[in-house]
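Here is a set of questions and answers on one structure. Please keep the sequence and the 3D view open while reading.

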There are 2 protein chains.
Amino acid sequence: MPSIKDVAQIAGVSTATVSRVLAGSDRVKEETRRRVLNAVKELNYRPNLVARSLRSQKSARIGLVVSDIRNPFFTAISRAVEDAAYEQGYSVLLCNTDEDPAREELYLNILHDESVAGIIFSPTQQFSARLSTFKSDIPFVIIDRAVNAAQADMVLLDNVAAGYELTAHLIQNGYTKLAGLFGNASTTGRDRNKGFRKALEDFQLKPLTEQFIPPRIQQGYETTLMLFDQPNRPDAIFTSNSLLTAGAFQAIRDRRLKVPDDVALVGFDETTWGALVDPPITLIAQPTEEIGRTATELLFQRIEEPSRSPRTVILKGKLIARGSSAPRANK
Amino acid sequence: MPSIKDVAQIAGVSTATVSRVLAGSDRVKEETRRRVLNAVKELNYRPNLVARSLRSQKSARIGLVVSDIRNPFFTAISRAVEDAAYEQGYSVLLCNTDEDPAREELYLNILHDESVAGIIFSPTQQFSARLSTFKSDIPFVIIDRAVNAAQADMVLLDNVAAGYELTAHLIQNGYTKLAGLFGNASTTGRDRNKGFRKALEDFQLKPLTEQFIPPRIQQGYETTLMLFDQPNRPDAIFTSNSLLTAGAFQAIRDRRLKVPDDVALVGFDETTWGALVDPPITLIAQPTEEIGRTATELLFQRIEEPSRSPRTVILKGKLIARGSSAPRANK
DNA sequence: GCGGCTAGTGTAAACGATTACATTTTTTTG
DNA sequence: CAAAAAAATGTAATCGTTTACACTAGCCGC
């Protein structure tokens with residue numbers, strides 16, 4: 001493995017000069033630069049990033065901490081972050097917390113030890129609470145979930161508005177007995193619940209029920225079955241993320257109910273399957289590409305200038321109305 | 001940020017001793033060890049992995065290079081790899097090639113520069129061809145796709161057998177005019193095609209058509225529409241991966257055809273949606289957790305002992321028969 | 001009582017880059 | 001043309017570890 005010394009020797013210069021050429025400094029004669037670049041090519045030299053990192057006390061790596069990579073939302077986000085990062089010559093360390101605060105702590109430590117330049121992070125609710133006490137020398141950007149300790153950069157969806165819009169859509173299409181399934185792992189579920197309530201209130205309705213449960217397919221499934229076993233059955237189910245939507249959909253099928261005639265179903269996040277099932281699912285699509293890209297850009301800006309005042313970017317979701325919430329037939 | 005020097009000073013020993021304690025060497029007096037550990041705790045010292053990595057010329061990072069993180073198969077794999085790696089104290093650098101050989105090369109270089117300890121890699125077909133010439137000092141394990149240059153560790157599905165089983169299933173259920181959609185980016189599609197052909201041959205049938213196309217939803221969609229425009233329409237469609245399955249399914253819906261009465265559909269990989277659509281999709285499920293875990297273990301073994309003879313692990317898929325290929329009604 | 005062991009510890013040289021500072025070479029200028 | 005300024009390059013310290021080697025102290029056997 002050639003090192004900078006080998007290059008220096010071949011080019012007949014000092015390592016300092018090689019370093020300068022590679023860093024793109026302009027304080028180097030054109031002819032020297034050529035000699036160095038030739039030597040680099042000849043040896044097929046590539047600088048050792050570990051050494052560079054140690055000496056310069058920074059690295060071209062960022063960490064991405066998500067709560068479940070199998071959630072299509074986070075898959076899409078990580079894809080976007082990775083693309084944006086690589087465009088800037090950064091690589092991405094991906095961490096999966098499974099909504100487990102202990103794993104969150106573990107991974108943040110690891111990322112710290114790895115000297116990442118920054119972290120993009122979707123924290124659990126438990127962690128958010130401690131975030132104010134968690135003072136970090138590493139720049140970070142929060143995505144998807146609001147945290148109170150507002151001295152952090154954030155990229156969020158306007159969840160209250162989205163929840164409102166989705167609920168209003170249901171009501172306007174004639175549904176009145178609404179049940180809500182909300183993820184309990186983050187503020188996202190709570191905010192979407194706020195919008196849900198607000199819409200019901202504005203239309204002078206009451207929610208049939210509101211369930212805060214772990215954001216898992218299985219939980220969505222079980223809870224939905226349970227709803228159907230109640231005497232007063234909902235005519236529409238609002239789910240606050242795609243895993244719950246999938247679980248609810250499955251439960252509806254297993255009970256051989258018709259969507260939307262027996263029960264309507266709406267949720268969040270565009271997935272492969274949302275448009276494939278029959279009927280296709282009405283949902284609020286999040287601009288995942290934009291969220292990931294914005295978060296990455298915000299992070300780079302903060303790395304650049306650590307003391308800049310924190311900013312929060314709030315993006316709008318887009319209602320995609322489909323068959324699962326079609327206007328209610330008169331009964 | 002405390003360094004090993006600070007710890008040494010507080011404990012009243014040399015940095016060498018601190019290092020020995022941390023490395024778990026036994027050549028350290030019990031009392032000294034206690035003093036050092038106390039100092040570590042007091043300072044909340046965490047060793048700098050970059051420095052360690054530079055000095056010891058190894059790192060606790062591995063690279064995972066997949067062709068499309070949005071493919072649920074790779075999502076599941078990366079999840080499994082990450083879990084297995086972290087159990088050993090390793091972190092994972094995730095790279096996305098999009099089936100693009102240029103990006104493959106880029107990322108392999110980056111991983112090399114980052115001094116990863118090893119790489120888990122699903123190469124494109126183009127790259128596989130060059131793999132024999134690509135001699136790397138970094139241990140790596142190939143997953144999902146066979147490469148000819150057999151001096152590499154591999155973890156593969158028995159794709160020929162899986163293709164055979166899935167095809168035989170269709171035939172036994174009464175379908176005779178089979179069309180096959182195969183991904184053209186890797187050997188996977190080709191191997192599954194082999195099984196497809198073999199089964200047809202064994203049952204003395206001829207394929208209606210075989211299409212090798214990019215493994216994208218859009219391609220699956222367009223190709224399927226095209227099939228329906230041919231005079232001789234298939235009564236069953238075999239797809240070699242879940243993105244093609246999704247595309248085909250969409251095309252079938254758009255043409256308002258009934259599954260399986262008008263046309264049956266089978267594919268690969270368990271996805272969230274496979275069981276949700278109506279009818280649910282018959283498929284070969286891959287043991288993703290096992291593939292990821294095995295690959296990671298193989299990689300650690302090779303890191304441990306670089307000269308060991310390469311081994312190939314071949315795992316079996318599991319046929320999950322569902323409605324989309326139900327026995328054909330007599331016509 | 002002395003050479004040889006062993007256990008425990010310290011000293012200092014790596015690892016491969018960057019960079020402050022020093023030095024040399026070239027150009028400008030009065 | 002000499003002095004000053006600017007440009008180009010080199011020297012060597014440094015980042016935070018690990019580790020080969022050296023060293024000390026205590027103990028053993030003869």
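Predicted model: local features only at pLDDT ≥ 70, side-chain atom pairs only at ≥ 80, totals over all residues.

Q: Why do the copies meet through the same surface?
A: The contact takes 29 residues from chain A and 31 residues from chain B. The copies meet through the same surface because the interface residues of chain A are also interface residues in chain B, to the extent of 100%.

Q: Which elements of chain A give two or more residues to the side that touches chain B?
A: On the side of chain A that touches chain B there are 14 nonpolar, eight polar and seven charged residues. The elements that give two or more residues to this side of chain A are α4 (49-56), α5 (72-87), β2 (91-96), α6 (101-113) and α11 (242-254).

Q: Which element gives the most to the surface near DNA strand C?
A: There are 27 residues around DNA strand C, and those that come nearest are A:Ser3, A:Ala16, A:Ser19, B:Ala16 and B:Arg55. At least two residues of this surface come from each of α2 (15-23) and α4 of chain A, and from each of α2 (15-23) and α4 (49-56) of chain B. With six residues, the element that gives the most is α2(A).

Q: Which element gives the most to the surface near DNA strand D?
A: DNA strand D is surrounded by 27 residues, the closest being A:Ala16, B:Ile4, B:Ala16, B:Ser19 and B:Arg55. By class, the surface near DNA strand D has 12 nonpolar, nine polar and six charged residues. The element that gives the most, with six residues, is α2(B).

Q: How many residues of strand β1 (residues 61-66) of chain B are buried?
A: In a regular strand, side chains alternate between the two faces of the sheet. B:Arg61, B:Gly63 and B:Val65 point one way from β1(B), while B:Ile62, B:Leu64 and B:Val66 point the other way, and all are buried. Strand β1 of chain B is thus mostly covered, because the number of its six residues that are buried is six.

Q: Which residue is the bridge partner of B:Leu64 in β3(B)?
A: β1(B) is joined to strand β2 (residues 91-96) of chain B by six bridges, and the two run parallel. In β2(B), B:Leu64 stands opposite B:Leu94. Four bridges join β1(B) to strand β3 (residues 118-121) of chain B, also in parallel. There, the bridge partner of B:Leu64 is B:Ile120.

Q: What is the hand of the β-α-β unit made by β1(B), helix α5 (residues 72-87) of chain B and β2(B)?
A: β1(B) and β2(B) run parallel. With helix α5 of chain B, they make a β-α-β unit that is right-handed.

Q: Is B:Asn96 buried or exposed?
A: B:Asn96 lies in strand β2 of chain B. Not counting residues up to four places away in sequence, B:Asn96 touches A:Arg79, A:Glu82, B:Val66, B:Asp68 and B:Ile69. A residue needs 20 or more C-beta neighbours within 10 Å to count as buried. B:Asn96 has 23 inside 10 Å, so B:Asn96 counts as buried.

Key:
Residues numbered from 1 in each chain as written. Chains lettered and ligands numbered in written order. Contact = placed C-beta atoms within 7 Å. Nonpolar A, V, L, I, M, F, W, Y, C, P; charged D, E, K, R; others polar. Near = placed C-beta within 6 Å. Buried ≥ 20, exposed ≤ 12 C-beta atoms within 10 Å, placed from the backbone. Pairing = 2+ DSSP bridges. Right-handed = clockwise from strand over helix to strand, strands pointing away.
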